[in-house]
Amino acid sequence: IDYTGGVGSWKFEPQRTNRVPNSDQFSGSETNVSVLRNQLISPDGTLNADRVLDDSNSGEHVITGSFSGAITSGLDYTSSAFFKSDGTGGKGVIRFYTGSFHNAVFNLEDGTISYTSSGVSKIENYGNGWYRCSLKVTASSNYGNTITQLAIGNSLNQFSYQGASSLGVYFWGVQFEQGSFKTSYIRSNSGSATTRLAD
């Protein structure tokens, strides 16, 4: 039963696989950022949300995860994550590759979408300052694996900028699935992709 919005309702979902094998504490190559683990209570009620901070370098401020699972031209893919403002003014960014890179920037102060390069982006209020943000894109070519990123955006909606060690966001619950919309969170912390069967 889905209680989003305060009223319970049945929620029937298709089979989906979260390709991110470390979804509670997303990790990967860190470019011009530092990640502090277990800094805040996440939407699941435990102390497992992380904080990502920029540094003073110029360039992309991003965490890049590369996972097994090919991208197929013409199919839809959706990446999602939970973000919360850390009070610094940093914006949450979702970016992934499906033949080219696509990104969406989310304003965590007012719960709005600041920018979408292509595809369809959404932001959903989960309460207590947490938002579930997502981006759906149709792949333009085949690619051998899955690349998804989280980044810190600045006031100009850029994730490539001259850093000042002053911007950050909280994040948790990263998901990447093949499909035209995000489904409910699939926890995937076993070191490999996790599949939820259809209801």
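Predicted model: local features only at pLDDT ≥ 70, side-chain atom pairs only at ≥ 80, totals over all residues.
In what order do the six strands of the open sheet stand? They follow the order β2-β6-β13-β8-β9-β10, and their pairing is antiparallel.

**View 1. The whole protein chain is built with 16 strands and zero helices.** Its radius of gyration is 16 Å, close to the 16 Å that the globule rule gives for 199 residues, so the chain is as compact as a globular protein of that length. Along its principal axes, the C-alpha trace spans about 45 × 40 × 30 Å. Of the 199 residues, 46% count as buried. The accessible surface comes to about 8,600 Å², and 49% of that belongs to carbon and sulfur atoms. If you follow contacts between residues at least 6 apart in sequence, 70% of them join residues at least 24 apart.

**View 2. Here is the open sheet, with its six strands in the order β2-β6-β13-β8-β9-β10.** At its edges stand β2 (29-31) and β10 (112-116); each has a single partner strand, so one side of each is left without a neighbour in the sheet. On average, neighbouring strands of this sheet are turned by 20° against each other, direction ignored. For a closer look at one pair, find strand β8 (residues 91-97) and strand β9 (residues 101-107), which run antiparallel and are joined by six bridges. Within this pair, Gly92 has Phe106 of β9 as its bridge partner.

**View 3. Strand β7 is largely enclosed by the rest of the structure, because 10 of its 10 residues are buried.** Asp76, Thr78, Ser80, Phe82 and Lys84 point one way from the strand, while Tyr77, Ser79, Ala81, Phe83 and Ser85 point the other way. Which strands pair with β7? One is β12, which runs antiparallel to β7 and is joined to it by nine bridges; there, Ser79 has Leu135 as its bridge partner. Another is β15, also antiparallel to β7, with eight bridges between them. In that pairing, Phe83 stands opposite Phe171.

**View 4. The largest nonpolar core gathers 29 residues.** Phe26, Val52, Phe83, Ile94, Leu150 and Phe171 are those with the most contacts inside it. Several strands each supply at least two residues of this core, namely β3, β6 (62-67), β7 (76-85), β8, β9, β12 (130-138), β13 (146-153) and β15 (168-178). A second, separate core has six residues, among them Ala49, Trp130, Tyr170 and Tyr185. In soluble globular proteins, nonpolar side chains tend to be buried together. To explore the surroundings of Val52, set aside its neighbours within four places in sequence: the residues in contact with Val52 are then Val33, Ser34, Val35, Ile63, Ile152, Leu167, Gly168, Val169 and Phe171.

**View 5. Our last stop is Leu40, in strand β3 (residues 33-41).** Which residues are in contact with Leu40, leaving aside its neighbours within four places in sequence? They are Thr46, Leu47, Asn48, Ala49, Lys84, Trp130 and Tyr170. Of these, Ala49, Trp130 and Tyr170 belong to the second core, and Lys84 is one of the buried residues of β7. Ala81, another residue of β7, is 41 residues from Leu40 in sequence and 15 Å from it in space, C-alpha to C-alpha.

Technical notes:
Residues numbered from 1 in each chain as written. Heavy atoms only, no water. Pairing = 2+ DSSP bridges. Helix = DSSP H or I, 4+ residues; strand = E, 2+ residues; numbered from the N terminus. Axes fitted to C-alpha atoms, helices over the stretch in contact; angles between N-to-C directions. Contact = heavy atoms within 4.5 Å. Core = buried A, V, L, I, M, F, W, Y, C linked by side-chain atoms within 4.5 Å. Buried < 20%, exposed > 50% of the residue type's maximum accessible area, 1.4 Å probe, protein only. Rg over C-alpha atoms; globule rule 2.2 N^0.38 Å. Areas by Shrake-Rupley, 256 points an atom, 1.4 Å probe, with all protein chains shown as cover.
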